[in-house]
Amino acid sequence: MKIKDINKNVLLFVILIIMILFGLYMGSADISLTELLSVENRQILYLRLARVVLALIAGAGLGVSGVTLQAVLRNPLAEPYLLGVSSGAGLGAVTAMIFGITGIYLPAAAFAGAIISMLLVYNIAKDNGRVPVQSLILSGVIVAVTFSGIIVFLSSVSSRKILHGIMWWLLGSLQVYDIRLLVVVSAVVIIGIILIYFFNRDLDAVSTGEEEAVHMGIEIDKVKIILFVLTSLITGAIVSVSGVIGFTGLIIPHMLRLIIGPRHKILIPGTFLGAGAFLIFCDTLSRCLFPPVEVPIGVMTSIVGAPVFIFLLRRANR
Amino acid sequence: MDKILNVNNISGGYGKTNVLHDISFSVEEGDFLGIIGPNGSGKSTLLRLLTRVLKPDKGRIFFKNQNLTEIDLKALFRKVAFVAQDTQFNFAFNVWDIVLMGRIPHLRRLQVEKEHDFLIAEKALNMTDSIHLKYKRIDKLSAGEKQRVIISRALAQEPRLLFLDEPVSHLDIGHQMQVLDLLRVLNKEKSLTIIMVLHDLNMAGEYCDRLLLLNKGKLIVNGFPSEVLNKYNIESVYKTKVLVKKSPVSKQPYTYLIPGGSIKNNRGLYENIINKTW
């Protein structure tokens, strides 16, 4: 039993390594792996490495956030963007663009927007120090719809250049234009995932019901708030640098549950590896299929992910 | 005998609406207590108050002479366990995963289960005669099998006090008896204290040593089945005519339903239906 579970994660690890190599090797410039390590190609290696790392971090973060929210909210349609974080980040970014803020301050503004929307969603849902799951989902949707409305309004009155920036945001991209941002985002995501892992048993218990979790001795109101804040921070950090990347946080958790089962002790590391590998693969395809045009990453994730998911689902039902 | 649970004048419910008013009773170690009452009388709310899902607005609950709300939640659920009426499983856990969850209150964060925990989980599955289901998926089990697994999970917590909220209402009579007989054995052999909400008055009379009858959030009677289950109590609370006799099997009170028995109490309503609608 246990050995089998660990083997599946070893397999996912091997797949991840292959994807990393694939991501480093593939690119519009045709260079072999050995040449890539030479001094004159250092720049290209760095560029590709940064991008592969961002894809890994973004995939892992979105995947683990999705796993966590699906368990806490006991809703198979839960995903990292459900609680309004992405539209908050979007509004932060659009507002910043209109005020002419650029460079490293743009993601900072987006992150601030994500935090504000998180606090808003939490406070709308809060009732006597508790956050009922249904209220949380509804207030997430309300905040998301409101913020999206404001984004649409702002984009309809703003210049073509800003419109382009907004489109980039909605389609998502894993381009790294500042290595410092990559470091900060990686730190937030990795620390966040490690902290979520501390709650792996709580997640098992709460996925069978909140009262059930209380009856296992879990302080569910506290745990829910901690996990809600952690997933929001992770998602907010990722959205701030790469825009909205759909599918990864919704379907990849289901896919990995079908492969390695629902126990979070195994599922969280598995999702880190599997979702990371998945996003590296999709991003590599998105920049290599029709160079120099990049296929938006959100398009790629759905095209690659949907058939695999349908296959796994049909096999599981048999 | 020591009091395992002492409930003093508690009131409580959801938000501002109080469902329960001024309830007091106590439970001794080794008791098998049944809670009965019509729908909406506050049975489940009482269990939620007793297991810290809800906080009482007034009054105090003592578990082994300690104030319930002041006990560390994890420490409490090493001694107390709960079996719900119908547990929903959203993900495809297998039976073994579910039963091992019963060890959560005994383990620190990130602490790995040891041989000791596996033995207890296995014993819990054996007690409910479901060890053969160990590697089956929980969502593929029948209602009876599922309920036995949930009871195993509760037993894996090694409780001294077990709460059950209508544990047999989704089961056929064979499985109902299987679960109730198991509870009786645990109560008599292992002196496990049991507090159970039941809908079926006859089963409550057969299996429980003592009964609480609730109505509209108030405790109406607290006593032996022979004291609680009489014609007057049942008719006044459930608003239907009944006949109460002694069971020829166990000499416990046995309630017979009388068809048409609800009409007398609701004559106005029925006359309305008959005269105006048709």
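Trainee: Which helix of chain A is A:Asp283 found in?

Mentor: A:Asp283 is found in helix H13 of chain A, residues 264-288, where helices (H or I, at least four residues) and strands (E, at least two) are DSSP runs, numbered from the N terminus. This is a predicted model, in which local features need pLDDT of at least 70 and side-chain atom pairs count only at pLDDT 80 or more, while totals for chains, interfaces and linings use all residues. Residues are numbered from 1 along each chain as its sequence is written, and chains are lettered from A and ligands numbered from 1 in the order in which they are written.

Trainee: Okay, is A:Asp283 buried or exposed?

Mentor: A:Asp283 counts as buried, because it has 31 C-beta neighbours inside 10 Å. A residue is buried if 20 or more other C-beta atoms lie within 10 Å of its own, exposed if 12 or fewer, and partly exposed in between, with the C-beta atoms placed from the backbone.

Trainee: And what does A:Asp283 touch, leaving out residues up to four places away?

Mentor: A:Asp283 touches A:Gly23, A:Arg51, A:Ala55, A:Leu174 and A:Ile297, where contact means that the C-beta atoms, placed from the backbone, lie within 7 Å. A:Glu294 is 11 residues from A:Asp283 in sequence, and the two are 9.1 Å apart in space, C-alpha to C-alpha.

Trainee: What about A:Lys161, is that one buried or exposed?

Mentor: A:Lys161 is exposed, because 8 other C-beta atoms lie within 10 Å. A:Lys161 has its place in helix H7 of chain A, and between A:Lys161 and A:Phe13 there are 41 Å, C-alpha to C-alpha, for a separation of 148 residues in sequence.

Trainee: Since you mention H7, at what angle does H4 of chain A pack with H7?

Mentor: Helix H4 (residues 85-98) and helix H7 (residues 160-171) of chain A pack at an angle of about 160°, with their axes 10 Å apart; the axes are lines fitted to C-alpha atoms, for helices over the stretch in contact, and angles run from 0 to 180 degrees between N-to-C directions. That angle makes H4(A) roughly antiparallel to H7(A), given that angles under 35 degrees count as roughly parallel, over 145 as roughly antiparallel, 65 to 115 as roughly perpendicular and the rest as oblique.

Trainee: Which residues meet there?

Mentor: On the H4(A) side they are A:Gly90, A:Ala93, A:Val94, A:Met97 and A:Ile98, and these meet A:Ile162, A:Gly165, A:Ile166 and A:Trp169 in H7(A). By class, this contact has seven nonpolar, two polar and no charged residues, where Ala, Val, Leu, Ile, Met, Phe, Trp, Tyr, Cys and Pro count as nonpolar, Asp, Glu, Lys and Arg as charged, and the others, Gly among them, as polar.

Trainee: How do H3 and H12 of chain A pack? What is the angle?

Mentor: Helix H3 (residues 42-72) and helix H12 (residues 248-260) of chain A pack at an angle of about 70°, and their axes are 8 Å apart. That makes H3(A) roughly perpendicular to H12(A). The residues that make the contact include A:Gly59, A:Gly63 and A:Gly66 of H3(A) and A:Gly249 and A:Pro253 of H12(A), and by class the contact has five nonpolar, seven polar and no charged residues.

Trainee: Stepping back, how many helices and strands does chain A have?

Mentor: Chain A comes to 14 helices and zero strands, and 50% of its 318 residues count as buried. Its C-alpha trace spans about 60 × 55 × 35 Å along the principal axes.

Trainee: And chain B, how many helices and strands?

Mentor: Chain B has 10 helices and 12 strands, and 38% of its 278 residues count as buried.

Trainee: Where is B:Lys64 in all that?

Mentor: B:Lys64 is found in the loop between strand E4 (58-63) and strand E5 (66-67) of chain B, and B:Lys64 has a positive phi of about 50° although it is not a glycine. B:Asn65 has its place in the loop between E4 and E5 of chain B, with a positive phi of about 65° although B:Asn65 is not a glycine.

Trainee: Last topic, how many residues of chain A are in contact with chain B?

Mentor: 20 residues of chain A are in contact with 23 residues of chain B. The elements that give two or more residues to that side of chain A are helix H9 (200-206) and helix H10 (210-214), and by class the side has six nonpolar, six polar and eight charged residues.

Notes
Two residues are in contact if their C-beta atoms, placed from the backbone, lie within 7 Å.
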